[in-house]
Amino acid sequence: MKNKIALFKKSIEAVWRSASSWALANIIISLLKSFLPLALIWLIKLLIDEITLVAGSGRAQLDNLLWLIIAAITIWLLDEILSDLGTFVRKKQSIKLESYMFGLLHDKAIKLDLQYFENPDYYDYLARASREAPWRPNSILNNLVSLFRGSVSLILMLGLLFTFHWAMALLLVVVNIPGVWLRLHFSELLYNFQREQTPESRKMAYFNWLLTGSRPSRELRLFDLGNYFEKLFRRAFENTKEEEVNLVRKRTLIDLVSDLFKAAALFLVFFVIAKKTVDGSLSIGEMSMYILAFRQGMTYLKDVFGSLSGLYEDSIFVGDTFEFLDLEENIKAEEPIAKTISFNNKISLENVSFKYPGSSKNVIDNVSLEIKRGEVVAFVGPNGAGKSTLVRLLCRLYDTSEGKIKWDNVNIRNFEPALYRENLSVIFQDFMLYNMSVEDNITMGDIRKKPDIDKMVESAKNAGLKQLIESLPNGYKTVIGTLFDDSRELSWGEWQKLALSRALYRDAPLLILDEPSSSLDANTEHEIFSRFREITKGRTAVLISHRLKSLSSVDRIYVLDKGKIVESGSHEELLAIEGLYRTMYEKQTSRF
Ligand code: ATP
C-alpha cells in the first residue's frame, strides 16, 4: 500500500510538472460537474409536479412552469458545456503529459549504461514503460478526480434515496459489489499476463520487422525466409492473443452475471416506487425523481468503484514506468572528480581486465599498454581477440572489471563521462546510418558547434567522398538512405566513408577507428592510409584493422589474442619475429 501511494505521488507530480494549469482546469471542471446532476433531478421533479398541477387544475398558469423549464435547460446546458470543455482540457493536458513522459523516457535511455542494452530485461522494461508512461499518470489524476466527483454526486443521490427508504440506498451499494470485485481481480490478472507476455510481444515486433523492414528485405527474399518468419510471427502472436482472449472471455461472463444482479435490483425498485405512486403516497414528480436518482446513483456508484479499481490498476501498471526511470546509471564520475581534462602526455592502460556482465570469462585479461600523444597505434588480432572490447573500455562505455585506464595520469573514472567523451572521435565497426542529409551526417560529428562548412568539405574530401557528393542531385543537401522522399541510397563502402568523414570532422584529440576501411576499395584505402597523418592532422589515433598491409606506417602495433597482448612493436619489428603477427601477415600476402 505504501508503495502504491508513493507511485501515486510520483505520478501526480509528473502530471503537475507537465501541465499544472491544465490539470487545475480539469479538476475545477470536474468538481463543478459533480453538483449538477442532483440539481437537474430536483428540477425535473418540480417540473413534473408543476405540469401535473397545471394540467389537473385546468388553469393556464404557465409562469412557474416556464421558469422551471428555463432553469432545467440552463443546468443541462451548463453540464453539456462543462463536458465539452472538459474533453478539450483533458486532451490538451494528456498531450503535454505524453510529451513530458517521453522526454523522461528518452533522457533515461540516453544516459543508461551500455550494459543495459545487452540485457533482454532492459527491453522488457523499456517496452512496458513506453506502453504505460505516456498516459498512466494522467489516468491516475483523472481517476482521482472522477472518484471525488462521483463520490460527491453519489452521496447526494444516496441522501435523496434515503428520504424514501434506507433499504433503497443499501440496495444500490450491494448490487454493484460483484462488478468491483471483478475489476480488481482482473486488473491483477491482466497485469501479470502482460508482464509475462512482454518478451513474447517483443518477439512479435521483431519478426514483424524482419518481414517488413528494409534491411532484412534482401536476405529474406534470397534465402526465401518469408514463410519461415511468418510462421514464427504467427506463433508469437497466437501465444500472446490466445491467453488474452481467454481472460477477456472470463471477464465478459462474470460481467454478464453482475449485470443480471443490477437488472433484478432495478426491477424491485421500479416495482416498489410504481406501487407507492399508484397508492397515492408519491407524486408523479417524486416517482420520477426517485427512479432517476436510483438510475443515476447506479451510474455514480459505477464511476466511483470504476475509479477505485482504475486506481488500483494504474498503481500496478505505472510501477513499470518508474521502475524503468529508476534504473541506476553506474557509469558516472567518481570521486575525486577532475573538472578539466587535457591530453599532453599519454593514455595508459594498467593491468586492465574485463568480463561482460553475466559472463564468467575475462574477455580482456591483464592488459597494459600506452598510447603517447601524437602516436598512431593499432590493435590487431584474430576474430574475438578483444580489440573492439578494448575500444569500448577506452571510450568508457563499460568500466574495467580490474585495472585502470588513465588519461595523462588521471583515472578516466574521475571525469564526467560526457566531458571525457568530448575528447574522443570514434567510428565503430557497426557505425550508424543516419537517413538524413550528407551535411547532417558529417556535421553531427560535432553537434556542439555551428556547422563548419569548410571543415565538412575537407573531411568529406579526406574520406574519399568528393566524387560521390558531386554526383548527388543536391550535393551535401541530398538526403541519404531509403526511408524518406527524395533520398538516395549509398553503397556500404560509401556509407563507411560518410562515417569516416563524421569522425574526421570532430576536433577530438583521440581518434578511434574500428575497422574504418573494411568496405573501402583498394584505391581509397591506400589513399587514406598513405596520407593518414595529414588527414588526421597529427592527432593521436587508435586503429583496428585486419588489413595488416595498411598498418605498415603506424607507430606501434599491439597484437591481441584471447584477450591478452601477445606481441607489440612496429610493423617491421613484428615481422622480424616469428609470431602471430608475422603468421597473419604471411597468410594475408601469400597467394592461394
Ligand atoms: P572481431 O575481429 O571479430 O571484430 P574483436 O577482437 O573485436 O573481434 P570483441 O568484439 O572485442 O572481439 O569480442 C571479444 C570477445 O567478447 C568475443 O569472444 C565475443 O564473443 C565477446 N563479446 C563481445 N561482445 C560481447 C557482449 N556484449 N557480451 C558478451 N560477450 C561479448
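**Reading a predicted model: ligand, helices and backbone**

Tutor: This model is predicted. One of its oxygen atoms is 2.8 Å from an N or O atom in the side chain of Lys387.

Student: How much of the ligand's area does the protein bury?

Tutor: The ligand taken alone exposes 630 Å². The protein buries 66% of that.

Student: Which residues come nearest to the ligand?

Tutor: There are 14 residues around the ligand. Gly384, Gly386, Lys387, Ser388 and Thr389 come nearest.

Student: How do I read polar contacts here?

Tutor: Look for pairs of N or O atoms within 3.5 Å.

Student: What classes of residue form the shell around the ligand?

Tutor: Four are nonpolar, seven are polar and three are charged.

Student: Now the helices. How do I describe two that pack together?

Tutor: Packed helices are described by the angle between their axes and the distance between the axes. The crossing of α5 past α9 is right-handed.

Student: Which residues of α5 and α9 meet?

Tutor: From α5 come Met168, Leu171, Leu172 and Val173. From α9 come Tyr290, Phe294, Gly297, Met298 and Leu301. By class, this contact has eight nonpolar residues, one polar and no charged.

Student: At what angle do α2 and α4 pack?

Tutor: About 145°, with axes 9 Å apart. Here α2 spans residues 63-111 and α4 spans residues 136-164. On the α2 side, Arg90, Gln93, Ser94, Leu97 and Met101 make the contact. On the α4 side, Pro137, Asn138, Leu141 and Asn142 do. The classes are four nonpolar, four polar and one charged.

Student: What should I look for in the backbone?

Tutor: Most residues other than glycine have a negative phi, and most peptide bonds are trans. Look for exceptions.

Student: Where does a cis peptide bond occur?

Tutor: From Glu335 to Pro336, with omega near -10°. Pro336 sits in the loop between α9 and β1.

Student: Which residue other than glycine has a positive phi?

Tutor: Asn366, with phi near 50°. Find Asn366 in strand β2, residues 364-372.

Technical notes:
Residues are numbered from 1 along each chain as its sequence is written. This is a predicted model: local features need pLDDT of at least 70, side-chain atom pairs count only at pLDDT 80 or more; totals for chains, interfaces and linings use all residues. Side-chain values use heavy atoms; hydrogens and water are left out. A residue is near a molecule or strand if one of its heavy atoms lies within 4 Å of it. A polar contact is a pair of N or O atoms within 3.5 Å; within protein, one must be able to donate a hydrogen and the other to accept it, and residues adjacent in sequence count only if both atoms are side-chain atoms. Accessible areas come from the Shrake-Rupley method with a 1.4 Å probe; for residues, only the protein chains shown count as cover. Ala, Val, Leu, Ile, Met, Phe, Trp, Tyr, Cys and Pro count as nonpolar, Asp, Glu, Lys and Arg as charged, and the others, Gly among them, as polar. A crossing is left-handed if the near helix is turned anticlockwise from the far one by less than a right angle, and right-handed if clockwise. Helices (H or I, at least four residues) and strands (E, at least two) are DSSP runs, numbered from the N terminus. Contact means heavy atoms within 4.5 Å. Axes are lines fitted to C-alpha atoms, for helices over the stretch in contact, and angles run from 0 to 180 degrees between N-to-C directions.
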